[in-house]
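Good morning, and thank you for coming. Please look at the structure as I show it, and I shall then take you through selected parts of it.

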Amino acid sequence: MEQQVPRLFIVIPCYTEEQVLPVTSHMFRDELQLLMDEGKVTDDSRILFVNDGSRDRTWEIIEELAAEDTHFIGISQSRNRGHQNAVLAGLMEAKEQADITISIDCDGQDDITAMERMVDAYRDGAEIVYGVRSSRATDTWFKRTTAQGFYKFLNLMGAEVVYNHADYRLVSARVLRHFADFHEVNIFLRGMFPLVGFKSTCVDYERHERLAGESHYPLRKMLALAIDGITSLSTKPITLIGEVGFAISLLGFLGILWAAGDALLHQTAPGWASLVCIVCFLGGIQLLSLGIIGEYDGKTYMESKHRPRYIISERTETVERAERNCL
């Protein structure tokens, strides 16, 4: 039985991308046209831009693109809610209209031509296709070292993530419908999709320099994303607190025996330095432990509110027409 040609939505989150969007939008359109010409996706496939509360002309550019070409459509969030929520908004928007989605950043760093291999892998039976960087030659030493250490640390903490995979992936509509049942507010998509299951595979690609504009992921945001990834996917840090606490308690008990022995032998001496070291060490451990527990408590508090993860304030006219046609 011949497999039906899938309808593809390319989901692209955008935040203050007025410099790079006019360049990369045509690259995405050319790749989509190639896939359509080769009969790998349907002619009514779309490129869906998600404006994440940009402060520049990003949304105006998206509207202009949609007016010029019906293959471009866009939605705009009511305010900036972060990259992960922007990707999620696009995927949830597309899940009832597309057979497959490919999420990719707007900056052109991810190799767009890898989409063809992703679609081929889907046609071979994979429901999720992860884009995996084959090298990090374009990264600085610091970024390369910290990024690779981040993935290893996540796996050490019990979080199931694909090594060197960010948010460049193909996902079938079947997976997205099940993914919609995940209602947590604190999301880390690259660690959540492996939890859904289904057959998956990886496609290697080269990552290039950003074509225009500046990166929106400075060290501060990268660290925040790392913390979200660990605390959203694993409770092992809390378990480690208990293990470290037990080890320190054992050492403390041995210290008590040592101090009692010295007292009985009348060998005590002013131990100001050792006392200060012990107090500082234990104080640091306690504060670190409270900080980790507080991170989990804060996330539990936010989850209990059940606030919406994204709010779409505007859609391009093309999206509205497509919705009416689907009714």
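I begin with D43, which sits in the loop between α1 and β2 (46–51); helices (H or I, at least four residues) and strands (E, at least two) are DSSP runs, numbered from the N terminus. Before going further, I note that this is a predicted model, in which local features need pLDDT of at least 70, side-chain atom pairs count only at pLDDT 80 or more, and totals for chains, interfaces and linings use all residues. Residues are numbered from 1 along each chain as its sequence is written, and side-chain values use heavy atoms, with hydrogens and water left out.

Is D43 buried or exposed? With a relative accessible area of 59%, D43 is exposed. Here buried means under 20% relative accessible area, exposed over 50%, and partly exposed in between, with a 1.4 Å probe and protein chains only. Leaving out residues up to four places away in sequence, D43 touches M36 and H71, where contact means heavy atoms within 4.5 Å. D43 and L8 are 35 residues apart along the chain, and their C-alpha atoms are separated by 9.2 Å.

Let me now step back to the whole chain. The secondary structure of the protein chain amounts to 11 helices and eight strands. Of its 327 residues, 45% are buried. Among contacts with a separation of 6 or more, 83% are between residues 24 or more positions apart.

I turn to two buried residues. C106 is found in the loop between β4 (100–103) and α4 (114–123), and its relative accessible area of 2% makes C106 buried. Which residues does C106 touch, not counting those up to four places away in sequence? They are I12, P13, C14, E17, V20, L21, T24 and F28. As for T24, its C-alpha atom is 6.8 Å from that of C106, although the two are 82 residues apart along the chain.

The other is L65, in helix α2 (residues 58–68). L65 is buried as well, with a relative accessible area of 8%. Apart from neighbours within four places in sequence, L65 is in contact with L21, S25, F49 and F72. Between L65 and S25 there are 8.3 Å in space, C-alpha to C-alpha, and 40 residues in sequence.

That brings us to helix packing. Two packed helices are described by the angle between their axes and the distance between the axes. Helix α1 (residues 21–37) and α2 pack at an angle of about 35 degrees, with their axes 11 Å apart. Axes are lines fitted to C-alpha atoms, for helices over the stretch in contact, and angles run from 0 to 180 degrees between N-to-C directions. From α1 the contact involves L21, P22 and S25, and from α2 it involves T58, I61, I62 and L65. By class, five of these residues are nonpolar, two are polar and none is charged. In this scheme Ala, Val, Leu, Ile, Met, Phe, Trp, Tyr, Cys and Pro count as nonpolar, Asp, Glu, Lys and Arg as charged, and the others, Gly among them, as polar.

Next is helix α3, which covers residues 83–94. Its 12 residues reach 17 Å from the first C-alpha to the last, close to the 16 Å expected at 1.5 Å a residue; the expected span is 1.5 Å times one less than the number of residues. Why is α3 described as largely enclosed by the rest of the structure? The reason is that 12 of the 12 residues of α3 are buried. Among them are H83, N85 and E93.

α3 packs against helix α7 (residues 189–196) at an angle of about 45 degrees, and the axes are 11 Å apart. That angle makes α3 oblique to α7, since angles under 35 degrees count as roughly parallel, over 145 as roughly antiparallel, 65 to 115 as roughly perpendicular and the rest as oblique. Q84, V87, L88 and L91 of α3 make the contact with L189, R190 and F193 of α7. The classes there are five nonpolar, one polar and one charged.

Finally, I come to the backbone. Most residues other than glycine have a negative phi, and most peptide bonds are trans. T16, which is not a glycine, has a positive phi of about 45 degrees. T16 lies in the loop between β1 (8–14) and α1 and is buried, at a relative accessible area of 18%. F198, also not a glycine, has a positive phi of about 70 degrees. F198 is placed in the loop between α7 and β7 (200–205), and at 31% relative accessibility F198 counts as partly exposed.
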